[in-house]
Amino acid sequence: MGAVPARRRRPAGAAVTTLGIDLGATHVRAGLVDRDGRLSDVTRQVLPPGPAARLDAVRAVLAHYPEPAAVGLAVAGTVRDGVLTWSANLGLSDVDFAAELGRPVAVINDARAAGLAEARFGAGAGAATVLLVTVGTGLGGALVTGGRPHEGTGHAGEVGHLVLDAGGPPCRCGSRGCWEQLAGGVALNRTGAGLGPDGGGTPGAARLAATAAAGQPRAVAALARHAREFARGLDSLCAVLAPHTVVLGGGLVARSGPIREAYLAAARTLRWHTGPVRPARLGDDAGVIGAALAANLS
Ligand SMILES: [Zn+2]
């Protein structure tokens, strides 16, 4: 997994910290997290190809950090009772990390980790119930109540597959008209790609954002349409879940610009949620911090 710095010894008298590891689709990121959510000694490595190499990458991360008090691992996949049951991104299924790594490891889905971190130390701090919705290629999410993320049977938070239009575009899950097909990055990419001549490889969502920022009427109207679909799905979720605070995260909201502005503005017009709607605060650190928090849930 590339160059991982040599193992370090904890300095005498240093605070006891938890190791958080965020195993994403392309990178593994890790760091020590103290009780106030502060990160230190952050490492980030590109994942080598192949499922087995992903486990080796986690072993290498563990070898880098000197005897942390506890270890939490956030993974991009379905987690049930501490076992990664399935991850399309990582090509892994039925992995018991604690058994594989030979030490106690708290395993948590990456969106739930981000929700937990935002609820404790980020944009949802202080709220009893926090709904995080991430806007990336798809739409993901997590519900955190009383400081604990809802896991259910493992796939809780798959908000992107809320069906809003039974005759809509086909989705990777096998349904049609899922929320993410109408308002996720996949939808923005599709719309952006249809805006005029080839953009020279620029992702459709970025083209849509650029043309909307330039005031092109078609782009402005299309973005408004996606934002309305986003609000429609979010309103349905809020009707069911009644969160105190809604946090919007994910790459397409993290960057300032017309997509972030349109989605945040739309999310502040809901009928079923009159509480705060805030952009996520912790960015790429949320997964690592949330993984560490998961290791300390009693
Ligand atoms: Zn779907």
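**Ground rules**

I number residues from 1 along each chain as its sequence is written, and side-chain values use heavy atoms, with hydrogens and water left out. Because the model is predicted, local features need pLDDT of at least 70 and side-chain atom pairs count only at pLDDT 80 or more, while totals for chains, interfaces and linings use all residues.

**Whole chain**

I began with the secondary structure. The chain has ten helices and 13 strands; both are DSSP runs numbered from the N terminus, helices being H or I with at least four residues and strands E with at least two. Next I looked up the radius of gyration, taken over C-alpha atoms. It is 20 Å, close to the 19 Å that the globule rule gives for 298 residues, so the chain is as compact as a globular protein of that length. The rule is 2.2 Å times the number of residues to the power 0.38. The C-alpha atoms fill a box of roughly 60 × 45 × 35 Å along the principal axes.

I then checked burial. Of the 298 residues, 49% are buried. Buried means under 20% relative accessible area, exposed means over 50%, and partly exposed lies in between (1.4 Å probe, protein chains only). For contacts, I took heavy atoms within 4.5 Å. Among contacts with a separation of 6 or more, 62% join residues 24 or more positions apart.

Cys171 is buried at 9% relative accessible area, whereas Cys173 is partly exposed at 41%.

**Strand β1**

I turned to β1, residues 18-23. Six of its six residues are buried, so the strand is largely enclosed by the rest of the structure. Thr18, Gly20 and Asp22 point one way, and Leu19, Ile21 and Leu23 the other.

What does β1 pair with? Two strands pair if DSSP finds at least two bridges between them. With β2 (residues 27-33) the sense is antiparallel, over six bridges. A hairpin of three residues joins β1 to β2, and Ile21 has Ala30 as its bridge partner. With β4 (residues 70-75) the sense is parallel, again over six bridges. There Leu23 stands opposite Val75.

**Helix α6**

I listed the buried residues of α6 (residues 204-213): Gly204, Ala205, Arg207, Leu208, Ala209 and Ala212. Their cover includes α5 (185-193), α7 (217-241), α8 (251-254) and α9 (258-267). Just after α6, Gly215 takes a positive phi of about 90°.

**Gly102**

Last, I looked at a loop. Gly102 lies between α2 (97-101) and β8 (106-109). Is Gly102 buried or exposed? Gly102 is exposed, with a relative accessible area of 65%. Arg59 is 43 residues away along the chain, and the two C-alpha atoms are separated by 9.9 Å.
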